Amino acid sequence: FGLVTLRFPCVMALRRIWSTYRECLQRHPKKTTVVQSVTIYTLGDILAQTLERRTRGKEGELDGTRTARTAFMGGALIGGLLPFWYGLLDKAMPVKSIQTVGAKIVLDSLVWGAFSISAFIAGTAVLEGKSVQQAKVEVADRFVEGYIKEWQVWPIYNSFCFGVVPLAVRPLTTSFMAVGWSAYLSSLAYNERPSSPVNAFIRTTSGRAITLEVVAEVPHLGQLETA
């Protein structure tokens, strides 16, 4: 009897929370989506920084400014633009079938995945005070890794999302999924990554600059030119 008594109030509390959430979503859909996205991305960055300290031996307190930047980008991208993107997909393909769900999964990764990863990396760089050119460099250094991970993670979730989850609730379920994803994006955006010869081609526009940068980053090429 004791267990039943303990569980019942928990179930009732969850029902009240869910009812309040649905009411807020109906009355203030945009505000509710932004608030939940900011909350989720805040948790994601805290998770990322905590894991970084445990696995990489980092010391010191959590970077609150970094968390604020991550939360802002999460609110802008997931809270502000993702509902519009979901609505656009559903208007373009209103009939639910295996073909339309598959098409939405592919389009989501091709279009939204590429845009959101690039925007998150560039946005956090600009919020750090870096120039537009430096933000482009950050995207060039980190985009490919993030985009590969996008295709490994999101199509699995989206097969459930587009097939089962109602449009109005998708930002919520996506935000919970985004706890882990935001932790990954935060680490992707803020941790140092070695430069690569491929990124040299992306980062520069002058043919001469490309040649010099690749030679500088690949010692073997420098030795060949010297020879």
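Helix H2 (residues 29–56) packs against helix H3 (residues 64–92) at an angle of about 140°, and their axes lie 7 Å apart. Helices here are DSSP runs of H or I with at least four residues, numbered from the N terminus. The model is predicted, so local features need pLDDT of at least 70 and side-chain atom pairs count only at pLDDT 80 or more, while totals for chains, interfaces and linings use all residues. Residues are numbered from 1 along each chain as its sequence is written, and side-chain values use heavy atoms, with hydrogens and water left out.

**H2 and H3**
- Axes are lines fitted to C-alpha atoms, for helices over the stretch in contact, and angles run from 0 to 180 degrees between N-to-C directions.
- H2 and H3 are therefore oblique to each other; angles under 35 degrees count as roughly parallel, over 145 as roughly antiparallel, 65 to 115 as roughly perpendicular and the rest as oblique.
- H2 passes H3 in a right-handed crossing, a term used if the near helix is turned clockwise from the far one by less than a right angle.
- Residues in the contact include Ser 37, Tyr 41 and Asp 45 of H2, and Gly 74, Gly 75 and Ile 78 of H3; contact means heavy atoms within 4.5 Å.
- The contact of H2 with H3 comprises eight nonpolar, ten polar and three charged residues.
- In this division, Ala, Val, Leu, Ile, Met, Phe, Trp, Tyr, Cys and Pro count as nonpolar, Asp, Glu, Lys and Arg as charged, and the others, Gly among them, as polar.

**H3 and H4**
- The angle between H3 and H4 is about 155°, with their axes 10 Å apart.
- H3 is therefore roughly antiparallel to H4.
- Among the contact residues are Leu 81, Trp 85 and Tyr 86 of H3, together with Trp 112, Phe 115 and Phe 120 of H4.
- This contact of H3 with H4 holds 16 nonpolar, four polar and four charged residues.

**H4 and H5**
- Helix H4 (residues 98–127) packs with H5 at an angle of about 145°, their axes being 7 Å apart.
- The contact of H4 with H5 divides into 17 nonpolar, seven polar and five charged residues.

**Bends within helices**
- H4 has a kink of about 35° centred on Trp 112; the bend at a residue is the angle between axes fitted to the seven residues ending there and the seven starting there.
- H5 bends by about 45° at Arg 142.

Methods. Helix = DSSP H or I, 4+ residues; strand = E, 2+ residues; numbered from the N terminus.
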